[in-house]
Amino acid sequence: MLKNVFLVFVAFVGGIAGSWVFHQYLNEELTKKEMVNYIQNEDYPASQVTHLTPTYESSGSAISPVPDSFVEASENSTNSVVFIKNFSGTDTRRYSVFDYFFGQGMPQQTVSTGSGVIFSADGYIITNNHVIDKAETIEVIHKKRTYKASLIGSDANTDIAVLKIEAENLPAIEIGSSRALKIGEWVLAVGNPFNLTSTVTAGIVSAKERQINIMGGEFPLESFIQTDAPINPGNSGGALVNVKGELVGINTAILSRTGSYTGYGFAVPVDIATKIANDLIRYGEVQKAIPGIEVNVITKELAETMDLKSLDGVIVSHVIRNGAAEKSGIKQNDIIVQIDGNAITGKGSFEEALSYYYPGDKITITYLREGKQRNVQITLQNLLGGTGVIKRSFYSSALLGAKLETINAIEMDRYGIPYGVKITSVTRGYLRDLGFGEGFILTHINDEPVKDPEEVGKFLEEFSGQLRVEGLTPGGRSFAQSYSVR
């Protein structure tokens, strides 16, 4: 009897032990399976899994670990970020006391806000062009003190603008490197969202060289740093910094259907922003270097048609007459894969690579033609077709309600005209009353060629009589019309 009881007891204990071992084995296998699914799931790319275990780059250096806190980065950057107010839309009409009683035609003023970054100790500040767009008065608030700011210059192509305030010994931010920035690195967004000054949020770099097609200007340059650090209205123009508090980008846009943060923000790389800012400070004009070509991305369909093995690079869609590329022998449908040995992965990296150069610089372009790789050296040109520093000629007139500026070499090539003056920044005034809008190109006035903006502006301000205007609409159509001007 006792022997039977003992056998039953042993069998019972053995069953429990076996069940426990099997359960542990099953849990281990399920854990492995879940991890494999996590890594392979498209919603969780491997670049995000690197935070789970130590990983190393091919160079052998370890990726920066998760910091214990972001206190150092915050302390090194928040004092260098300012609050910006844009006052615009002032109505200058005369008002009587009856307007105030009956509420008719009351003067209106719009106030919008944003952020900026102290670029130098003597008062230069980088922000976004859209933060100060159409401003009549700009104020900068730093440490509860308000300064009146002057606009040094702006560039719609990169959405960068530079302001100047009269101050000394300001805490200029430390400049980092956006080219050295890695996908997966921690970053902080510092700014003034919803008028909440000195706000800091954290995230990682989730992509680089991103294009989202939001830029204005004639030559939009988009190669954004994409981050999941929360960015909201008011952050525009603020700082994106690394864990040391060094500036790596200027926060510019969010991807949202609501107007508030929903997952992704975008920043102009600091290497681009500082080049633009230095140009505006030194020359008052961005010194854009052009190779004399227009390019497009390589689609899957295009790659199959041309029998390309990769989607990397860009395809030449147009070669500008008498431009640097034409002189070097580059042709339409050539595939550009490198600039000075640096790989070109798409249109964003192509535009970013060129943005660091100046007119007159020589670069080596590596391209494919009929499957064969070729190298050619070209000398980059400025927007007027030369190789020197340019200060584009323009004339602003409150009476005309517009800015007049010379057209560039690309526009001459595009429209097949040797000269012209373009109408930009149109507001209420004489030209708008005549029906002229943004982007119209004047080629002849009273049968005389139009070449110099100041000469044309002063002539129109003083002219009375029969006026005949010839030119091109923003769409490129020929235009000619006569006006009776008093």
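**View A. Arg 179 over the face of Tyr 356.** In this predicted model, Arg 179 lies 3.8 Å from the ring centre of Tyr 356. Residues are numbered from 1 along each chain as its sequence is written, and side-chain values use heavy atoms, without hydrogens or water. Local features need pLDDT of at least 70 and side-chain atom pairs count only at pLDDT 80 or more, while totals for chains, interfaces and linings use all residues.

**View B. An aromatic cluster of Phe 436, Phe 440, Phe 479 and Tyr 483.** Rings of Phe, Tyr and Trp (its six-membered ring) pair if their centres lie within 6.5 Å; planes under 30 degrees apart are stacked, over 60 edge-to-face, and the rest tilted. By this rule there are seven aromatic pairs. Phe 436 and Tyr 483 have ring centres 5.9 Å apart and planes at 55°, so this pair is tilted. Both residues are buried (under 20% relative accessible area, with exposed over 50% and partly exposed in between; 1.4 Å probe, protein chains only): Phe 436 has 4% and Tyr 483 has 11%.

**View C. A closed barrel of six strands, β7-β8-β9-β12-β11-β10, with antiparallel pairing.** Strands are DSSP runs of E, at least two residues, numbered from the N terminus, and two strands pair if DSSP finds at least two bridges between them. Strands β7 (residues 186-191) and β10 (residues 239-241) pair over three bridges, and Leu 188 stands opposite Val 241 in β10.

Note on methods: A charge sits over a ring if NZ of Lys or CZ of Arg is within 6 Å of the ring centre and within 35 degrees of the ring normal. Helices (H or I, at least four residues) and strands (E, at least two) are DSSP runs, numbered from the N terminus.
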